[in-house]
Amino acid sequence: MDEALRIKRASRVAMTATPIAEKLRILERLRERDRAIGRAVIAPEQRPTRDASA
Amino acid sequence: MALLDIFAELEAAVADRIVERYAVGGAVGATFYIEPAATQDVDVFVVFDQSASLLVSLAPIYDYFTDRGAVVQNEHLVIADWPVQFLPATTPLVEDALVHAVRMTVDGQAVAVLSQEHLAAIALETGRMKDKLRLSQFLTSGTFERLRFDALTERFGLTQKWARFVALMEDEP
């Protein structure tokens, strides 16, 4: 098996075993990071749509 | 932790009989089983008493939480600084998911979360790219009950979608 894939799978298993509270804290930190770089929830009517004529 | 405050508010809504039942789904629900994936909102599936009306209305939920300090923002209620979207159970799969929601406790705070097999089935049903990625993570989580998931795909007419998903993943190592 490819080494990078093996490491990724191992880290996924490790994350599955991480306490839920810690994973939720990570989720909150990820959101803070995204907000800091300007990502946010965008209402469906405000989302950019592909120009049908294009 | 803000998410725990949201869970406390959801439990309060059940205690105050605003909703019959709820369960956290989406990326936050998935985090109980797999690695966290960035999300900007919290999806909460709800069942509530509709005996007074044939129309599904979230107004009682909105009234309840705004009275408790939440702010309406588009289709979300902002609770504890997180946009929370309340989704009525409108499909048989989601109804079943709510019946079989799992009670969990995080740092002493109770919360109801959709089972990972139901979350996976909903991801299969929804079918966006991020849902497919999430589904693949459930399948390799090590705690996923495959037989239970297979029964759900059979029961809720998802076998063709499942076959397409498997074909899509076949080339993956």
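Tutor: Let us start with the domains. In this predicted model, the assignment for chain B gives domain 1 as residues 2-115 and domain 2 as residues 118-169.

Student: How far apart are the centres of domain 1 and domain 2 of chain B?

Tutor: Taken over C-alpha atoms, the two centres are separated by 22 Å. The contact draws 13 residues from domain 1 of chain B and 11 residues from domain 2 of chain B.

Student: Which elements give two or more residues to the side of domain 1 of chain B that touches domain 2?

Tutor: They are α2 (26-30) and α4 of chain B. The largest share of that side, 4 residues, comes from α4(B). By class, that side of domain 1 of chain B comprises 8 nonpolar, 4 polar and 1 charged residues.

Student: What makes chain B as compact as a globular protein of its length?

Tutor: Chain B has 8 helices and 7 strands. The globule rule gives 16 Å for 173 residues, and the radius of gyration of chain B is 17 Å, which is close to that value, so chain B is as compact as a globular protein of that length. Along its principal axes, the C-alpha trace of chain B spans about 50 × 35 × 30 Å.

Student: Why is α4(B) called roughly antiparallel to α5(B)?

Tutor: Helix α4 (residues 92-99) and helix α5 (residues 116-126) of chain B pack at an angle of about 165 degrees, with their axes 10 Å apart. Angles over 145 degrees count as roughly antiparallel; therefore α4(B) is roughly antiparallel to α5(B). Their crossing is left-handed.

Student: Which residues of α4(B) and α5(B) meet?

Tutor: On α4(B), Leu93(B), Val94(B) and Ala97(B) face His118(B), Ala121(B), Ile122(B) and Glu125(B) of α5(B). This contact of α4(B) with α5(B) has 5 nonpolar, 1 polar and 1 charged residues.

Student: How do you know that α5(B) is roughly antiparallel to α6(B)?

Tutor: The angle between α5(B) and helix α6 (residues 129-139) of chain B is about 150 degrees, and their axes are 8 Å apart. The cut-off is again 145 degrees, with angles over it counted as roughly antiparallel, so the term applies to α5(B) and α6(B). The crossing of α5(B) and α6(B) is left-handed.

Student: What residues make up the contact of α5(B) with α6(B)?

Tutor: Gln116(B), Leu119(B), Ala120(B), Ala123(B), Leu124(B) and Thr126(B) of α5(B) meet Asp131(B), Arg134(B), Leu135(B) and Phe138(B) of α6(B). They divide into 6 nonpolar, 2 polar and 2 charged residues.

Student: Which residues make the contact of α5(B) with α7(B)?

Tutor: Glu117(B), His118(B), Ala120(B), Ala121(B) and Leu124(B) come from α5(B), and Arg148(B), Phe149(B), Leu152(B) and Thr153(B) from α7(B). Their classes are 5 nonpolar, 2 polar and 2 charged.

Technical notes. Residues numbered from 1 in each chain as written. Chains lettered and ligands numbered in written order. Predicted model: local features only at pLDDT ≥ 70, side-chain atom pairs only at ≥ 80, totals over all residues. Axes fitted to C-alpha atoms, helices over the stretch in contact; angles between N-to-C directions. Parallel < 35°, antiparallel > 145°, perpendicular 65-115°, else oblique. Left-handed = near helix turned anticlockwise from the far one by under 90°. Contact = placed C-beta atoms within 7 Å. Nonpolar A, V, L, I, M, F, W, Y, C, P; charged D, E, K, R; others polar. Domains from an automatic or database assignment. Rg over C-alpha atoms; globule rule 2.2 N^0.38 Å.
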